[in-house]
Amino acid sequence: MEHPCFILPRTNSSQTRTLSFFLSGFPAWETTQMLSAVPLCSVYLLALLGNLTVLSVIRAEQSLHAPMYLFLAMLAVADLGLSTSTFPTMLRMLWLEAREISFGSCLAQMFFIHSFTDIESAVILAMAFDRYMAICHPLRYSCILTNSATTKICVAIVVRTALVQFPLPILLTRLCFTRVSKLSHPYCLHPDIIKHAGSDTRINSTYGLFVLLSTLGLDLLFVLLSYLLILKTILNIATWRERLKALNTCISHICAVLLFFIPMICLSMMHRFGKDISPQAYAFTANIHFLAPPILNPIVYSVKTKTIRRRILRVLCRRGVRTSRVVIYQ
């Protein structure tokens, strides 16, 4: 994609060329790139394996075709999309030392990263609503959160994401970039790109802040509200055993909330106000925000969800028995 507003230095001001960015974000790994790519590749494969396992178990187990697990399946899809949007360029940068990315590819990656992030945020909110209904209004749960209603919520999440994210790359095409830009991360993010523009970015910054507040900000607000109401209901339960039992059903979701929102808040604050923060801090916080949830979410839900855990152990035991039989016959 050729950018119409890339300005070269004054000596060549009449010429234009395709705009590109240079990725960074691994300042401490520069001398051991090949070695660093091996654990990163292992982490990516672990994220793929974990989320695909969760999806396959939910699909195969009829008892898991319920709203809570349908939301979990959508969370796994969002995690797959997020990891696939970020890991490949990181591995390409470390293995092939290919740091340059074209303007069009950068915009596409930015769109998918922010879209899957918004989807994950909205799914976490939907799961909070599921927990609220299950604990605060258990008698109305099955009437309100039907599979049909869950499907409509999932469609609404995708539509909302598309509507707010499509203008971001379009608005970036109107900016002028006056030099070859080195980004702060090994992938393209909207706040990072607009920092390198040579023209007025007030519209981009304002719309980016609006998107952040109207999606992730509102989602976090409603998640906190849901848990305040859940906590109020739990404290009204007579016995401690019943309180702990009710709270235990939320542990996995609370872990997902903390894994997603804490690094996100830190990264947003850094981009908005942290002018003197080191590149290492930027890189570390961004990598935790985008890489940790796809890896840890399936582990947390597999450990805490008895049906998923049993199904996985059953499959592993069957494979172990088949392998032992093959060895014995040989």
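**Notebook: aromatic contacts, a helix and a surface patch**

I note that the model is predicted.

F111 and F112 make one of them, edge-to-face, with 5.5 Å centre to centre and 75° between the planes. I checked the cover of both residues: F111 is buried at 15% relative accessibility, whereas F112 is partly exposed at 41%. I also recorded that F111, F112, F116 and F166 form one aromatic cluster.

I next examined Y187 and F290. Their ring centres are 5.5 Å apart and their planes stand at 75°; because edge-to-face requires over 60 degrees, the pair is edge-to-face. Y187 lies in the loop between β3 (181-182) and α7 (190-194), and F290 in helix α11 (residues 279-304), so the pair ties together parts that are 103 residues apart in sequence. Y187 is buried, with a relative accessibility of 0%, and F290 is buried too, at 3%.

I tested the length of helix α2 (residues 67-95). Its 29 residues should span 42 Å at 1.5 Å a residue, and the end C-alpha atoms, 41 Å apart, agree with this. I found α2 mostly covered, with 22 of its 29 residues buried. E97, which follows α2, has a positive phi near 55°.

Lastly, I looked up a nonpolar surface patch of about 550 Å², made by L218, L221, F222, L225, L228 and L229. I located L228 in helix α8 (residues 202-235). L228 has a relative accessible area of 59% and is therefore exposed, the cut-off being over 50%.

How values were computed. Residues are numbered from 1 along each chain as its sequence is written. This is a predicted model: local features need pLDDT of at least 70, side-chain atom pairs count only at pLDDT 80 or more; totals for chains, interfaces and linings use all residues. Side-chain values use heavy atoms; hydrogens and water are left out. Patches are made of residues with over 30% relative accessible area and no salt bridge: like charges are joined within 9 Å, nonpolar side chains (Val, Leu, Ile, Met, Phe, Trp, Tyr) within 5 Å. Accessible areas come from the Shrake-Rupley method with a 1.4 Å probe; for residues, only the protein chains shown count as cover. A salt bridge is a side-chain nitrogen of Lys or Arg within 4 Å of a carboxyl oxygen of Asp or Glu. Helices (H or I, at least four residues) and strands (E, at least two) are DSSP runs, numbered from the N terminus. Buried means under 20% relative accessible area, exposed over 50%, partly exposed in between (1.4 Å probe, protein chains only). The expected span of a helix is 1.5 Å times one less than its number of residues. Rings of Phe, Tyr and Trp (its six-membered ring) pair if their centres lie within 6.5 Å; planes under 30 degrees apart count as stacked, over 60 as edge-to-face and the rest as tilted.
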